[in-house]
Amino acid sequence: MTAIPLEHILILASILFLIGFVGVIVRKNALFILMSLEVMLNATGVAFIGAGSVWQQADGQVMFMLILTLAAAEVAVGLALLIRMKHQYRSLDIDVLSDLKGQ
Amino acid sequence: MMILAWLPFYPLISFALLIAFQRQLSWKLASVISVTTVLLSALSSGYLMWQLSFNDVTTLSVNLWQWFTLTSFDTGDTHQVNIAFYLDRLSAVMVCVVSGVGFLIHCFAAAYMKEDPHFHRFMAYMNLFLVAMLLLVLADNLVLLYLGWEGVGLCSFLLIGFWYKVPENAAAARKAFIITRIGDTALVIGLLFLFTSLNSLEINTLNTLAQGEWPLTEQRTFWITILLLGGAVGKSAQLPLQTWLPDAMAGPTPVSALIHAATMVTAGVYLIARMHHVFIQSPEVMTLIAWIGVLTLLIAGITALVQSDIKRILAYSTMSQIGYMMLALGAGAWSASVFHLMIHAFFKALLFLTAGAVIYALHHQQNIFKMGGLLKRLPVESAFFIVGLACLVALPGTSGFFSKEAIIGHLWQSPTAGPIFWWLAIIGALITSIYSCRLFFLAFMGSARENISIVKSDGVLIKASLSLLVILSLFGGWLNIDLTTVFQPLTTQVMKQEPSWLHSVAVATPFIGIAFSWWIFREYRLGNSTKIAQSYQSIQTNRVKRWCYSGLGFDSLYTHLVVTPFMFIAKVNRKDLIDQLVMLCAWYAKLLRDVAASLQNGLLRWYAAAFACGLMLWLGAWLV
């Protein structure tokens, strides 16, 4: 099995991360923002697993498990908030939530 | 002591009451308050004068409280400035004149201004003026004197512009204030200069220094005395700064009598007399004072020859009489000057108040070309006016004769004046008698040129105060005030021989003037209406007359020299150039504020983007 060089893994992780980040910024729908966040988390996961396999260490996979747990918990809270949001504002548009700005 | 300490403050009580209660006080109550407080001051000053004259006391002084402390820059010595009064013969004379004449004018004003809706304000200002003037003359140090000096300036401004709804009056008030302010600035610079050189501003200390070993160089003394003179010239309406006085006649007539004839304008004379020990140290400045006096008296006399407004004629004659006082100061005739100051206060107050009564009787007609025949229509006022004019032209027997002759008699032999000043003063006396006759012939002789009914004034107060002034003007010359303890005579090195005809010429001068005007103003005297109308026209058409009428063009000179350039600069600088520089900082802060404010837009995605950008910048900076 040919080893995949670390650079490639990191480039893939960066691309994924960037896609996720752009998604967070450009999407108005809160659900899509959550999904983009998941993409970003997975990008870090890819980076960890890649690094773990390059250096032959188990730490990378342990880290990925933790991130996965975190992502699950986050999605649970996030979805709950989304439901409340839909209930309260009758919309999932993130820009509606600007009460802290004042006026 | 208590009497001296309280003397200037009685009118202040009245001022406070009148300002506090305004129209809640009836006319009677208000005038009683304001007049009696002045009477209290007058009585106390009379009592103090009596004490000084008949007891062995030569000076009285009282220290009220410490005002502030001055620290000298060089030595670090502290010098206390006290609210303290000092009374010697000179200030006693001044206090008597100010409070005595002030009392009579207050009586007159209470009746004269009765119908004015702002009577209370008027009397309050008059009282405040007296407080300031008394502070000025009683002051023990020059700082307190300066307080009084500014106080009278302020009251003068308020009272000239008393009828402020007429724009000309407000303009006249501003003009008087600004022009005297030029002098005041010179005075305050002089005071600072004096303090830095001698480390004291107490009048007695300075005079004692000047009598002994004078520690300053000639040049320094010159500048100090010039600056003090600048203040005196501004307040006393002398040559370069004289233009405000005629316009100040816009105020009510009692104001003209009190401030612009009897008291305030003599403050400059008082200042120089008070500081005469210092002035003696600089003979050039003494000669300069004499020149200023003599030129002012000639210019004012010539201007008075062609005026048509009765009050303006009196204003110009005031200027010329103060010119005489300045001339006497320059010649070292200190007591003659102060004596003339006192006598002038009597007869000029009389002239102004009588003029006020005449103007009131004629429905506020001030133009003498439209009067005429008042001798028959207002016999009492005319008699009063004749007395005043006789004093003004110094007819023998009147008080004006004593004081003016005393001045003129000193000139020939004075080391700082001389025969040329004597001749100019004689010419001035001649002009004085000519313009007085012209005024009298036009206004009082002949026949009435305008058919207007005479307004009867029922004022007993008016008649009483005028009668007292008449008595003072007639017999004031016999008031013998001995000022030798105060004044130090100029030392004469060479006694110039006085010609024997000197005094006869001086005595004869007014008669020559009267005879001359009897002949040249024949038409005025007989009341030839067409001729009078013609000469009234010629003031505007004849170039020389118009030039004289405008006060020898000083006003337009100053307009071109100072006012126009200043207005030009003001117009150019309308947007305020310096301010723009300062505003640049404000504009920069405002820009930053706008940027920062627009960042807080409440959009979550923008915040996330900004966060990422910041992180990236920080990371980049850290990596590189």
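In which kind of crossing does H4(B) pass H21(B)? The crossing is left-handed, a label used when the near helix is turned anticlockwise from the far one by less than a right angle, with right-handed used if clockwise. The structure is a predicted model, in which local features need pLDDT of at least 70 and side-chain atom pairs count only at pLDDT 80 or more, while totals for chains, interfaces and linings use all residues. Residues are numbered from 1 along each chain as its sequence is written, and chains are lettered from A and ligands numbered from 1 in the order in which they are written.

Chain B holds 28 helices and 2 strands, where helices (H or I, at least four residues) and strands (E, at least two) are DSSP runs numbered from the N terminus. The C-alpha trace of chain B covers about 110 × 65 × 50 Å along its principal axes. Of the 624 residues in chain B, 49% are buried; a residue is buried if 20 or more other C-beta atoms lie within 10 Å of its own, exposed if 12 or fewer, and partly exposed in between, with C-beta atoms placed from the backbone. Among the contacts in chain B with a separation of 6 or more, 81% join residues 24 or more positions apart. Here a contact is a pair of residues whose C-beta atoms, placed from the backbone, lie within 7 Å.

Chain B also touches chain A, with 9 residues of chain A in contact with 9 residues of chain B. On the chain A side, the residues divide into 6 nonpolar, 1 polar and 2 charged. In this scheme Ala, Val, Leu, Ile, Met, Phe, Trp, Tyr, Cys and Pro count as nonpolar, Asp, Glu, Lys and Arg as charged, and the others, Gly among them, as polar.

Next come the helix pairs. Two packed helices are described by the angle between their axes and the distance between the axes. For helix H4 (residues 89–112) and helix H21 (residues 460–475) of chain B, the axes come within 8 Å and cross at roughly 155°; axes are lines fitted to C-alpha atoms, for helices over the stretch in contact, and angles run from 0 to 180 degrees between N-to-C directions. H4(B) is therefore roughly antiparallel to H21(B), given that angles under 35 degrees count as roughly parallel, over 145 as roughly antiparallel, 65 to 115 as roughly perpendicular and the rest as oblique. On the H4(B) side, B:Leu104, B:Cys107, B:Phe108, B:Ala110, B:Ala111 and B:Tyr112 take part, and they meet B:Leu461, B:Ile462, B:Ala464, B:Ser465, B:Leu468 and B:Leu469 of H21(B). This contact has 11 nonpolar residues, 1 polar residue and no charged residues.

A second pair is formed by helix H16 (residues 334–361) and helix H19 (residues 399–411) of chain B, which pack at an angle of about 150° with their axes 9 Å apart. That angle makes H16(B) roughly antiparallel to H19(B), and H16(B) passes H19(B) in a left-handed crossing. Residues in the contact include B:Phe339, B:His340 and B:Ile343 of H16(B) and B:Ser403, B:Lys404 and B:Ile407 of H19(B). By class, the contact of H16(B) with H19(B) has 7 nonpolar, 6 polar and 1 charged.

Single helices can be checked for length too. The expected span of a helix is 1.5 Å times one less than its number of residues. Helix H9 (residues 218–235) of chain B has 18 residues and reaches 26 Å from its first C-alpha to its last, close to the expected 26 Å. Buried residues of H9(B) include B:Ile224, B:Leu228 and B:Val233, and among the elements covering the buried residues are helix H7 (167–198) and helix H14 (283–304) of chain B. After H9(B) comes B:Ala237, with a positive phi near 55°. Helix H15 (residues 310–330) of chain B has 21 residues that should span 30 Å, in agreement with the 30 Å between its end C-alpha atoms. In H15(B), 21 of 21 residues are buried, and B:Gly332, with a positive phi near 85°, follows the helix.

Two loop residues complete the picture. B:His364, in the loop between H16 and helix H17 (374–377) of chain B, has a positive phi near 60° without being a glycine. B:His364 is exposed, because 8 other C-beta atoms lie within 10 Å. B:Ala394, in the loop between helix H18 (379–392) and H19 of chain B, has a positive phi of about 65° and is not a glycine either. B:Ala394 counts as buried, because it has 27 C-beta neighbours inside 10 Å.

Notes. Contact = placed C-beta atoms within 7 Å.
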